[in-house]
Amino acid sequence: MEAFYYKSPIGNLEIICENNELLSLQISNHIKMEVKKTDFTKNVKLQLDEYFSGKRQKFEIKINPKGTDFQKLVWNELKKIPYGETKSYSDIAKIVGNKNAQRAVGFACNKNPILIIVPCHRVISKNGKLGGYAYGNENKQKLLGFEGLKF
């Protein structure tokens with residue numbers, strides 16, 4: 001398992017990879033230097049650089065998030081939300097087959113281990129408000145702002 005840290009506009013990101021798959025991308029208070037550079041970790045950093053500079057709208061990184069079957073179902077739907085667009089928690093609940101599962105969708109978003117690439121920040125409340133975000137609504141606003149959306 002490889003871990004490295006990336007300084008981003010929303011804070012330091014801890015990136016955990018194994019066997020050329022991304023397992024976790026989370027905001028972290030730790031600041032460490034990258035210990036081992038591989039082609040995979042260089043590619044992750046490059047794609048994040050491109051995203052934050054407005055040059056990348058879709059990630060091409062193999063991911064392997066750990067979670068329940070329902071969480072993985074939700075996360076797969078989140079990856080389908082286009083750059084610069086949003087869907088509501090109830091939209092996602094309907095897509096995954098349970099129109100009343102908005103809270104469960106919110107919980108799955110909160111437990112998303114691969115932020116940005118699995119874009120839980122693109123999920124908002126049905127009334128058009130931000131809803132919540134595991135790393136604070138200020139960071140959610142920043143990420144949506146990178147994609148041209150203002151709240």
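**Salt bridges**

I searched the whole structure, a predicted model, for salt bridges and found six. I counted a salt bridge where a side-chain nitrogen of Lys or Arg lies within 4 Å of a carboxyl oxygen of Asp or Glu. Side chains of opposite charge can pair when their charged atoms come close.

I noted how the model is handled: local features need pLDDT of at least 70, side-chain atom pairs count only at pLDDT 80 or more, and totals for chains, interfaces and linings use all residues. Residues are numbered from 1 along each chain as its sequence is written, and side-chain values use heavy atoms, with hydrogens and water left out.

**Glutamate 21 and lysine 62**

I looked up one of the bridges, between the side chains of glutamate 21 and lysine 62, at 3.5 Å from N to O. This pair links distant parts of the chain, 41 residues apart: glutamate 21 is in strand S3, and lysine 62 is in the loop between H1 and H2. Helices (H or I, at least four residues) and strands (E, at least two) are DSSP runs, numbered from the N terminus.

I then checked exposure, where buried means under 20% relative accessible area, exposed over 50%, and partly exposed in between (1.4 Å probe, protein chains only). Glutamate 21 is buried at 17%, whereas lysine 62 is exposed at 52%.

**Two bridges inside helices**

In helix H1, I found lysine 45 and aspartate 49 four residues apart, so about one helical turn separates them. Their side chains form a salt bridge of 3.0 Å, N to O. Lysine 45 is partly exposed at 36%, and aspartate 49 is partly exposed at 30%.

In helix H5 (residues 137-146), glutamate 138 and lysine 142 are also four residues apart, about one helical turn. I read 3.7 Å, N to O, for their salt bridge. Glutamate 138 is exposed at 55%; lysine 142 is partly exposed at 34%.

An α-helix has 3.6 residues a turn, so residues three or four places apart point the same way.

**Serine 28**

I located serine 28 in the loop between strand S3 (21-27) and helix H1 (39-52). With 12% relative accessibility, serine 28 is buried. Leaving out residues up to four places away in sequence, I listed its contacts (heavy atoms within 4.5 Å): Tyr5, Asn12 and Glu14.

**Helix H4**

I checked helix H4 (residues 102-110) and found Val105, Ala108 and Cys109 buried. Viewed down the axis of H4, the buried residues fall within an arc of 100° (taken from the directions from the helix axis to the C-beta atoms), so they line one face of the helix. These buried residues pack against helix H2 (69-78), helix H3 (89-95) and strand S5 (123-124).
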